[in-house]
Amino acid sequence: MRTKTLTLALVTLAAAALPLGAAQAEAKIGVVRMERLLKEAPQAQAASQALENEFAARRREIESQQKDLKAREEKLAKDGAVMSEGDRRSAEKALRDGQRDLARKQNEFLEDLNVRRNEALGQLTRNVLQEVQSYAKSAGLDVVVADALYASPAVDITAQVLAALQARKVAPPAKP
């Protein structure tokens, strides 16, 4: 909080020290809603689809293993009473081992998915920020503010940046 107060005081002093002509010139300001850009940009949908395609096989493998374990568990519950003690123990051990293996695969899957999702989000954010800067320069804006608490529709440039992103449609990021 103290840093904000100090910064505000310095900005006020700097504004007061400007020559009268410069103080009268209006700054052209634009506001963007980053959440909307990151959600609606075609690059976001392309990255999401690429992640889905990349991890679909592993997801199907995990789902298949879950179904197999559930079937083995039901079979053990149904036939466990009539099995010999050794067979029942062996089936229980195999079931526990399978559950541990499944839990490990699920954890690895989630970790890998999160890493790739963060990489894709980082690349998408860089692309969106680059497009915002490009639009701001071409529109002659002096300042662009992201996610303001309130912004008049007159200064909201989100739709224009989104249109530029849609026109650009960059291919999804390559797999590392």
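Predicted model: local features only at pLDDT ≥ 70, side-chain atom pairs only at ≥ 80, totals over all residues.

Colleague: Thanks; where is Thr158 found?

Modeller: Thr158 is found in helix α6, which covers residues 158-168; helices here are DSSP runs of H or I with at least four residues, strands are runs of E with at least two, and both are numbered from the N terminus. Residues are numbered from 1 along each chain as its sequence is written, and side-chain values use heavy atoms, with hydrogens and water left out.

Colleague: Is Thr158 buried or exposed?

Modeller: Thr158 is buried, because its relative accessible area is 0%, and the cut-offs are under 20% for buried, over 50% for exposed and partly exposed in between, with a 1.4 Å probe and protein chains only.

Colleague: And which residues does Thr158 touch?

Modeller: Setting aside residues up to four places away in sequence, Thr158 touches Val31, Val32, Arg33, Arg36 and Leu37, where contact means heavy atoms within 4.5 Å.

Colleague: Stepping back, how many helices and strands are there in the protein?

Modeller: The protein has 6 helices and 2 strands, and from the N terminus on its elements run α-α-β-α-α-α-β-α. Of its 176 residues, 21% are buried, and among contacts with a separation of 6 or more, 86% are between residues 24 or more positions apart.

Colleague: New topic: how many aromatic pairs does the structure hold?

Modeller: The structure holds 1 aromatic pair. Phe55 and Phe109 form that pair, which is edge-to-face, at 5.7 Å centre to centre and 85° between the planes; rings of Phe, Tyr and Trp (its six-membered ring) pair if their centres lie within 6.5 Å, and planes under 30 degrees apart count as stacked, over 60 as edge-to-face and the rest as tilted. The pair links distant parts of the chain, with Phe55 in helix α4 (residues 42-79) and Phe109 in helix α5, 54 residues apart.

Colleague: What about the surroundings of Phe109, which residues is it in contact with?

Modeller: Apart from neighbours within four places in sequence, Phe109 is in contact with Phe55, Arg58, Arg59 and Ile62. Phe109 is buried, with a relative accessible area of 7%, and Phe55 also counts as buried, at 3% relative accessibility. From C-alpha to C-alpha, Phe109 and Phe55 are 8.2 Å apart.

Colleague: Staying in that helix, what does Asn127 touch?

Modeller: Asn127, which is found in helix α5, touches Leu165 and Arg168, not counting residues up to four places away in sequence. Asn127 counts as buried because its relative accessibility is 12%.

Colleague: One backbone check: what is phi of Asp147?

Modeller: Phi of Asp147 is near 55°, a positive value in a residue other than glycine. Most residues other than glycine have a negative phi. Asp147 lies in the loop between β2 (143-146) and α6, and Asp147 counts as partly exposed, at 47% relative accessibility.

Colleague: Last one, where is Ile29, and is it buried or partly exposed?

Modeller: Ile29 is in strand β1 (residues 29-32), and Ile29 counts as partly exposed because its relative accessibility is 43%.
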